[in-house]
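Hi,

Here is the structure I promised to pass on.

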Amino acid sequence: MKTYKNVDEYIKLADKDKQDLLKRVRGVVKDTVPDAEESIAYGMPAYSWKRSSNEKSEPLFYFAAMKGHLGLYPTPGPIETCKDVLDKYSTSKGCVRVPYGEPVPEKIIQKLLKERLKEIKRSAK
């Protein structure tokens, strides 16, 4: 697995034809959850979120330029909750595969992120 210093480096080292796509996904995540913590985990851009400064961060969302698709990894819960809007994509327990050549599904990414935030908030109770 390649290692990257940060998300900027991940995008910079991605295939040129995937860089704009990755920037758009990153922008959607940052616009939807501005206080998400950005890092690299499992060799891909990763975002985590914590309810308060004294809480532990929870995994929120990952994405990656895979060989044949853009991989979105919102954790299993949101994929199950949002399955009605994911029917045109190949999914697995923790992944949504967006074929290259398709527009970035910004509204779906926003929905997945919001569902994951709700899940994290519910787990605190």
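This is a predicted model: local features need pLDDT of at least 70, side-chain atom pairs count only at pLDDT 80 or more; totals for chains, interfaces and linings use all residues.

E106 is found in helix α4, where helices (H or I, at least four residues) and strands (E, at least two) are DSSP runs numbered from the N terminus. With 29% relative accessibility, E106 counts as partly exposed; on this scale buried means under 20% relative accessible area, exposed over 50%, and partly exposed in between (1.4 Å probe, protein chains only). Apart from its neighbours within four places in sequence, E106 is in contact with R24 and V28, contact being heavy atoms within 4.5 Å. E106 and V25 sit 81 residues apart in sequence, yet their C-alpha atoms are 7.4 Å apart in space.

Residues are numbered from 1 along each chain as its sequence is written, and side-chain values use heavy atoms, with hydrogens and water left out.

Now the helix pair. α2 and helix α4 (residues 106-123) pack at an angle of about 45°, and their axes are 10 Å apart. Axes here are lines fitted to C-alpha atoms, for helices over the stretch in contact, and angles run from 0 to 180 degrees between N-to-C directions. That angle makes α2 oblique to α4, given that under 35 degrees counts as roughly parallel, over 145 as roughly antiparallel, 65 to 115 as roughly perpendicular and the rest as oblique. On the α2 side the contact is made by R24, V25, V28, V29 and T32, and on the α4 side by E106, I109, Q110, L113 and K114.

Staying with α2 (residues 16-32), Q19 has its place in that helix. Q19 counts as buried, at 13% relative accessibility. Its side chain reaches the backbone oxygen of K12 at 3.0 Å; a polar contact is a pair of N or O atoms within 3.5 Å, where within protein one must be able to donate a hydrogen and the other to accept it, and residues adjacent in sequence count only if both atoms are side-chain atoms. Not counting residues up to four places away in sequence, Q19 touches I11, K12 and A14.

Over in strand β1 (residues 37-41) you will find S39, which counts as partly exposed at 35% relative accessibility. S39 is in contact with V7, M44, P45 and A46, leaving aside its neighbours within four places in sequence.

Most residues other than glycine have a negative phi. Y42 is not a glycine but has a positive phi of about 55°; it lies in the loop between β1 and β2 (44-49) and is exposed, at 62% relative accessibility. T75, also not a glycine, has a positive phi of about 80°. T75 is placed in the loop between β4 (69-73) and α3 (76-81), and at 16% relative accessibility T75 counts as buried.

And how many disulfides are there? The count comes to zero, a disulfide being a pair of cysteine sulfur atoms within 2.5 Å. The closest cysteine sulfur to that of C82 is in C95, 14 Å away, so it is too far for a bond. C82 is buried, with a relative accessible area of 1%, and C95 is buried with 6%.

Cheers
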